[in-house]
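Dear colleague,

Please find below the structure that I am handing over to you. My notes on what was found in it follow directly after.

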Amino acid sequence: MKPSDNPPQPRVTRRRLLTAGAVIPIAGAAAARIVQPGEMPWTEGAADVPPPAVQPAGYTWLTPAEAAFVEAAVSRLIPADELGPGAKEAGVPVFIDRQLAGEYGRGSRWYMQGPWGEGEKTQGWQTRMTPAALYRAGIREVDEAVGKEGRAAAFAKLSADDQDRWLHQLEDGKVKLPTADAKTFFELLQQNTIEGFFSDPLYGGNRDMAGWKLIGFPGARYDHTSFVKKHGEKYPLPPVAILGRPDWNPPGGSHG
Amino acid sequence: MAEKLPSVDALVIGFGWTGAILAQELTDAGLNVLALERGNWRDTPTDFAPTFAQDELRYYWRHELFQYPAHETLTVRNNASQVALPMRRLGSFLPGTNVGGAGIHWNGQSWRFLPSDFLARSHNTQRYGKSAIPDDMTIQDWGVTYGELEPHYDRFEYLCGISGKAGNLQGQIQAGGNPFEGPRAREFPNPPMEMTLPPALFAQAAQSMGYKPFPQPSANMSRAYTNPLGVQLGPCTYCGFCEKFGCGNYAKASAQTTILPVLMRKPNFKLRTEAEVTKINLDATGKRAVSVTFIDAAGREYEQPAELIVLCAYILHNVRLLLLSKIGKPYDAAANEGVVGRNYAYQITSSVNVFFEDKILNPFIGAGALGMVVDDYNGDNFDHAGLGFIGGGYIGNIQTGARPIETHEVPKGTPGWGSQWKKALAHNYLRTMSLATHGAVMSHRGNFLDLDPTYRDVYGRPLMRMTFDYTDNEHRMSDFLTDKAAAIAKAMNAREIKANPRKGSWDVVPYQTTHNTGGAIMGTDPRTSAVNRYLQSWDVPNLFVMGASAFPQNPGYNPTGTVAALAYWSALAIRERYLKAPGPLA
């Protein structure tokens with residue numbers, strides 16, 4: 001139902017106070033948002049929209065050496081093969097780069113106050129490192145360890161088999177890195193790879209909806225009503241993303 | 001120095017499901033009601049529009065609609081010998097914030113508890129003898145019966161337009177419904193949802209084994225609905241983005257889609273958002289709440305006086321606010337004395353994956369409560385003699401929508417990544433479904449809530465500390481349910497099945513369920529309960545505490561139906577008795 005058919009009523013908001021030129025204390029009006037009787041605090045055009053679409057060119061946070069590591073690692077986690085593009089081709093390194101550059105990389109929604117303790121496995125994530133810090137330390141320290149082993153100067157330069165061997169060692173916690181926890185780093189890398197491969201293309205991964213096409217997920221569709229009772233039939237429609245589909249946006253058109 | 005604001009008749013702390021229900025009921029009773037919500041305003045067209053609501057990364061994995069641990073979290077440990085550490089990231093459960101609370105991102109699975117669930121101690125003692133309940137299992141009767149709550153369950157179901165099929169109408173068992181449920185006065189307001197192939201396959205197999213499958217009662221609308229307040233909901237479109245998401249379709253019942261359009265227009269109702277209550281203040285006698293202290297978005301402190309205070313936050317905040325305000329005696333597990341923090345419980349879940357070869361299941365078509373379930377092994381619906389546990393849970397297939405970051409079931413033996421994993425995922429995604437078990441957790445002396453001695457929130461107040469683990473009772477019960485689910489899965493004649501039993505200690509990392517309960521439980525004895533049978537504080541009679549914090553233990557169902565029924569039950573007692581003669585009701 002429409003929240004309110006009433007005409008808009010005057011109300012006190014912080015914006016209104018500020019634009020009035022002077023901030024005058026009003027009795028009982030806290031800085032808390034006050035919703036007065038009869039009012040619905042619904043603002044036209046104020047939708048809580050997703051962030052702007054990631055532009056795929058270049059890296060903004062990963063250094064060239066880090067980018068080489070991430071490209072190599074995600075290519076082993078989800079490789080390109082006869083089934084289609086892998087994580088690298090689908091833009092997962094760009095996804096990871098932009099995530100680390102932003103709020104997620106800083107762990108700004110997480111509780112990051114000390115004291116710090118390792119605890120039991122059942123107590124979850126306890127490292128002081130933010131995701132960005134963990135990538136930075138983890139990549140540097142894995143590359144150093146690879147260098148010491150002597151087969152290549154860095155992880156990205158190893159053969160695919162050797163890369164797999166290293167990833168398994170990280171996954172099983174068999175590598176002891178100086179500061180980063182190997183297992184935690186691997187788990188984060190794997191989780192972010194899956195996120196980048198299957199999230200909306202808006203975030204820079206899942207390019208051309210490659211992840212969704214691989215498994216048959218139809219994307220950000222909002223109405224499957226007509227297909228509910230078609231038991232056993234293959235879903236006929238191609239995937240669609242929040243920004244639509246490439247063929248909806250003719251070259252040079254203004255859409256999107 | 002806190003600025004003192006003008007007094008109100010009734011103050012609601014927290015503006016989710018119970019806050020909206022209480023505000024609606026108390027304004028109807030003629031009171032001037034103010035609700036304080038720590039978060040922001042949230043509404044369908046601005047915040048969950050169908051043009052962008054189906055964003056798995058943003059809402060689930062980046063937690064956009066949930067409480068941020070940076071602002072508030074708790075510490076966790078499995079037992080009192082461990083040092084509790086903060087839940088730094090959300091995992092096992094997802095508390096909500098903002099207007100509508102966790103009721104924005106629930107699945108809509110809307111249950112009534114069994115009549116015997118409300119008599120957990122007396123019923124089990126009577127049927128199985130005293131020895132069936134271990135000494136350190138602290139289960140209690142609720143002090144309220146199913147019969148007393150029935151009209152209030154009914155009220156909530158009609159408010160929401162719950163879609164379902166009655167199994168027991170005034171004592172008459174109905175074909176197609178849940179034959180184990182308590183008697184209902186009338187049929188559900190809406191028919192069951194249309195089933196996709198997976199729940200239909202589950203129901204067929206369960207039926208062939210003699211079980212009684214029935215449609216999961218759903219707050220996702222099976223058709224357009226106008227509720228008794230005149231608010232309209234739209235039909236569900238089976239988009240598969242319910243749990244962890246807001247509904248862009250007005251098709252999932254929430255405070256926004258059922259109550260707020262009416263409540264917000266009332267002249268005697270006012271809401272303050274970005275107003276976080278930090279303390280409930282008592283008078284010199286300690287027997288009367290006079291006001292609350294809250295902090296606004298700018299960090300300024302206010303004192304808000306009120307005649308009647310109703311605590312309507314999530315259970316974890318309810319309990320913490322009582323502890324921080326020093327209302328009620330804190331629970332001491334070593335002595336098994338005190339009430340606030342007592343009988344914290346959770347739920348225990350497991351699953352069985354079913355991989356078909358010849359069937360396309362389209363698992364992305366879904367809704368939060370779209371499914372078929374059997375209740376044959378819930379509560380005391382079956383004979384527990386010799387099983388070594390009490391309680392139970394439901395088993396079912398619920399197609400909430402196979403969102404692809406979250407859903408990648410692959411057969412046993414598949415590597416965790418690489419080409420083989422990719423191949424297995426590509427082959428199985430459209431051909432896989434899962435049976436879920438959803439089990440009770442009894443209360444236990446070793447499981448409780450108190451204040452953490454070390455960690456602090458953004459205001460410098462102690463975090464709450466959760467001490468919790470599954471006991472033998474829970475593991476035996478969950479293994480039993482998982483075996484039964486696996487047998488049904490086998491009867492589905494799929495290519496292969498994979499059982500995922502719940503092993504070991506409770507782990508804060510993987511998401512399990514946001515069904516935390518207890519800590520401010522209801523009862524008939526002030527020595528073992530924090531609130532009386534009307535959810536009124538024993539210690540401070542002008543304070544009522546809503547929510548699942550009142551559950552003395554956690555039955556094998558989703559809690560929202562009972563949370564709401566208790567809210568209506570309490571509201572009625574306030575309206576008809578308390579307001580006429582303010583004071584203790586029991």
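Helix 2 of chain A passes helix 3 of chain A in a right-handed crossing; a crossing is right-handed if the near helix is turned clockwise from the far one by less than a right angle, and left-handed if anticlockwise. The contact involves A:A67, A:V70, A:E71 and A:V74 from helix 2 of chain A, together with A:V92, A:P93 and A:I96 from helix 3 of chain A. Two residues are in contact if their C-beta atoms, placed from the backbone, lie within 7 Å. By class, these residues comprise 6 nonpolar, no polar and 1 charged. Here Ala, Val, Leu, Ile, Met, Phe, Trp, Tyr, Cys and Pro count as nonpolar, Asp, Glu, Lys and Arg as charged, and the others, Gly among them, as polar.

The axes of helix 2 (residues 64–77) and helix 3 (residues 92–101) of chain A come within 9 Å and cross at roughly 130°. Helix 2 of chain A is therefore oblique to helix 3 of chain A. Angles under 35 degrees count as roughly parallel, over 145 as roughly antiparallel, 65 to 115 as roughly perpendicular and the rest as oblique. Axes are lines fitted to C-alpha atoms, for helices over the stretch in contact, and the angles run from 0 to 180 degrees between N-to-C directions.

Please note that this is a predicted model, in which local features need pLDDT of at least 70 and side-chain atom pairs count only at pLDDT 80 or more, while totals for chains, interfaces and linings use all residues. Residues are numbered from 1 along each chain as its sequence is written, and chains are lettered from A and ligands numbered from 1 in the order in which they are written.

Chain A contains 7 helices and 1 strand, arranged along the sequence as α-β-α-α-α-α-α-α. Helices (H or I, at least four residues) and strands (E, at least two) are DSSP runs, numbered from the N terminus. Of the 256 residues in chain A, 37% are buried. A residue is buried if 20 or more other C-beta atoms lie within 10 Å of its own, exposed if 12 or fewer, and partly exposed in between, with C-beta atoms placed from the backbone. Among the contacts in chain A with a separation of 6 or more, 58% join residues 24 or more positions apart.

One peptide bond in chain A deserves mention: the bond from A:G114 to A:P115 is cis, with omega near 0°. A:P115 is located in the loop between helix 3 and helix 4 (131–149) of chain A.

How many residues of chain A are in contact with chain B? There are 74, and they meet 86 residues of chain B. On the side of chain A that touches chain B, at least two residues each come from strand 1 (33–35), helix 2, helix 6 (182–198) and helix 7 (210–215) of chain A. That side has 39 nonpolar, 20 polar and 15 charged residues.

**Chain B**

In chain B, the axes of helix 5 (residues 146–160) and helix 12 (residues 560–578) come within 8 Å and cross at roughly 110°. Helix 5 of chain B is therefore roughly perpendicular to helix 12 of chain B, and the crossing is right-handed. Helix 5 of chain B contributes B:E148, B:L149, B:H152, B:Y153, B:R155 and B:F156 to the contact, and helix 12 of chain B contributes B:G561, B:A564, B:A565, B:Y568 and B:W569. This contact has 7 nonpolar, 2 polar and 2 charged residues.

B:V545 lies in strand 24 (residues 543–545) of chain B. B:V545 is buried because 32 other C-beta atoms lie within 10 Å. Leaving aside neighbours within four places in sequence, the contacts of B:V545 include B:L311, B:N318 and B:A520.

Two residues other than glycine have a positive phi. B:Q170, with phi of about 50°, lies in the loop between strand 6 (168–169) and strand 7 (172–173) of chain B; B:Q170 is exposed, with 9 other C-beta atoms within 10 Å. B:Y250, with phi near 55°, is in the loop between strand 10 (232–233) and helix 7 (255–258) of chain B; B:Y250 counts as buried, with 25 C-beta neighbours inside 10 Å.

Yours sincerely
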